[in-house]
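Please look over the sequence and the model below before reading on.

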Amino acid sequence: MRSLLLFPFLLTSATAADAVITYDEHIKPIFREHCLKCHGEDEQKADLNLANYTAVLKGGSGDKAVIAGRASQSLLFQSITAEDDAERMPPKKAAIPAPQIELIRQWIQGGLRESSASKSLVAERDTSFKPAATLNFDGPPPMPESLPAFTPPKLKRPLPVIAMAASPRAPLIAVAGHEHVRLLDATTQKELGALAFPEGQPNVIRFSLDGRVLMVAGGKPVQSGSVVLFDIKTGKRLTTLGDETDAVLAADLSPDQQLIALGGSGKVVKIYNTADGKLRHKLTKHTDWITALAFSPDGKKLASSDRAGGIHLWDATGGGILLSLAEHKAAVRALSWRSDSRMLASGGEDGLLIWWDAKDGWPAVTNTNAHPPVRSSGYYGKLPNGVLSASFGPNGELLTAGRDKQVRLWKADGGATKSFAIDAALPLQTSITFDGRGLLAGDESGAVRFWPAIK
């Protein structure tokens, strides 16, 4: 929203700069100025009365006007921010000024307080991070030992880093290249070898939970798409799944390595058994291209997102839908589960970065402007504002990249701790090393950048 240029970018669902916005002090004067002629004590169009607090909470003939903690889902907020002049309220008048709209948004997000003595109607959410039980794996952390010889094709310029992943057990990074995947040592930052991917462009890279298997998904646009599993130590191709007529754009490997989920322009999520390659489920709720897929670390849920902003949670084994998460208004570019499976992070082209409570699908933390664009001199029009990547680390921290050319580290509760500027190129992918000590970003120039974690 335009009004966000007037406020700090670190806004959460509960507060903005720790201000407490109330109906009596802040909101009723706005309603009196713009709304009470049609929605006051004398006249209540659509049976909606905004002249007193109790009536506002009651709503009108169109159901509740405001939902505590969910401005984007509140009919009142939707009506005053509508893009179409014919739909926006108040009718046949100029839009409510942006600073006043922002106050209404903060009031709803903050829990619809009536007065400074009132309590928020939004239940407090526990966003604290409690590490899951440590899994014990046999043998040393898997690292490449005897990869097959491979000479990457020569290119006029490197492929942008459109996919990247960090091993959950070893100092190993996998980075997409043209028809191959580069393997880098996260400690020395040197290349250890490469895995051929003649199927085409690697659009998604994932490590298995034990770090022994690497999943690579992609293909050739409007021609073919598939998912390949590799043994990390030997580089051996373990299996190939899927036979798509377009490149695979989203994919993930379940924690127990028994399932592969994939999707793309077909708007359908397909789940395959890795053992026999058979299709197990087809999930058909999405209305646009599938942009991201992520199994929860406990293996119970599968999150999927699309180009229209839709996010759904599915039963990973049964295939039934559990929840639909409605908040994003543009393509969701990133999904990442916290290692305790309690929180799911989503980032989109609408600038939203959200920590979802996986239990009931509530946006526990909503940052409306996680990567705010900076208007350069002489630039007019709408600025690109989007979150392009989001990756949880082992300690509950989240690393994101955005169209503002910033890589940003967030605490488990959604507070920002550090930003890293990349002036030369747009960062596309982020990862955090297995021990939480290294922060990484891959950019459109093909470079992988390393920073030490800030304690």
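The model is predicted. Its largest nonpolar core has 25 residues, and the helices α1, α2, α3 and α4 each supply at least two residues of this core. Elsewhere there are open antiparallel sheets, including one of 4 strands and one of 3 strands.

**Helix α4**

- Helix α4 covers residues 98–109, and its 12 residues reach 16 Å from the first C-alpha to the last, which is close to the 16 Å expected at 1.5 Å a residue.
- This helix is mostly covered, since 9 of its 12 residues are buried, and among the buried ones are Q100, I104, R105, W107 and I108.
- The cover over the buried residues of α4 includes the helices α1 (23–34), α2 (53–58) and α3 (75–80), together with the strand β20 (362–367).
- Just after α4, G111 takes a positive phi of about 105°.
- In the loop between α3 and α4 lies P90, and the peptide bond that leads from M89 to P90 is cis, with omega near -5°.

**Nonpolar cores**

- Within the largest nonpolar core, the residues with the most contacts are I27, F31, L50, L76, I104, W107 and I108.
- Not counting residues up to four places away in sequence, F31 touches Y23, L36, L50, V56, L76 and I104.
- A second, separate core has 18 residues, and L183, L195, I205 and V228 are among them.

**The sheet of 4 strands**

- The strands of this open sheet follow the order β17-β18-β19-β20 and pair in the antiparallel sense.
- At the edges are β17 (332–337) and β20, each of which pairs on one side only, and the twist averages 20° from one strand to the next.
- Strand β19, residues 353–357, is joined to β20 in the antiparallel sense over 5 bridges, and the bridge partner of W356 in β20 is P363.
- The loop between β17 and β18 (343–348) holds S341, which has a positive phi of about 65° although S341 is not a glycine.
- S341 has a relative accessible area of 8%, so it counts as buried, for which the limit is under 20%.

**The sheet of 3 strands**

- This open sheet has the strand order β25-β26-β27, again with antiparallel pairing.
- Its edge strands are β25 and β27 (448–452), each pairing on one side only, and here the twist averages 20° from one strand to the next.
- Strands β25 and β26 run antiparallel and are joined by 5 bridges, and in β26 the bridge partner of P427 is D443.

**T433, in a loop of that sheet**

- T433 is found in the loop between β25 (427–432) and β26 (438–443), and its side chain is joined to that of D435 by a polar contact of 2.8 Å.
- Leaving aside neighbours within four places in sequence, T433 is in contact with A166, A186, P394, G438 and L440.
- Is T433 buried or exposed? T433 is buried, because its relative accessible area of 7% is under 20%.

**K405, a further positive phi**

- K405 is found in the loop between β22 (398–402) and β23 (406–410), and its phi is near 65°, a positive value in a residue other than glycine.
- With a relative accessible area of 31%, K405 is partly exposed.

Key: Residues numbered from 1 in each chain as written. Predicted model: local features only at pLDDT ≥ 70, side-chain atom pairs only at ≥ 80, totals over all residues. Heavy atoms only, no water. Expected span 1.5 Å × (residues − 1). Buried < 20%, exposed > 50% of the residue type's maximum accessible area, 1.4 Å probe, protein only. Contact = heavy atoms within 4.5 Å. Pairing = 2+ DSSP bridges. Axes fitted to C-alpha atoms, helices over the stretch in contact; angles between N-to-C directions. Polar contact = N/O pair within 3.5 Å; in protein donor to acceptor, adjacent residues only side chain to side chain. Core = buried A, V, L, I, M, F, W, Y, C linked by side-chain atoms within 4.5 Å.
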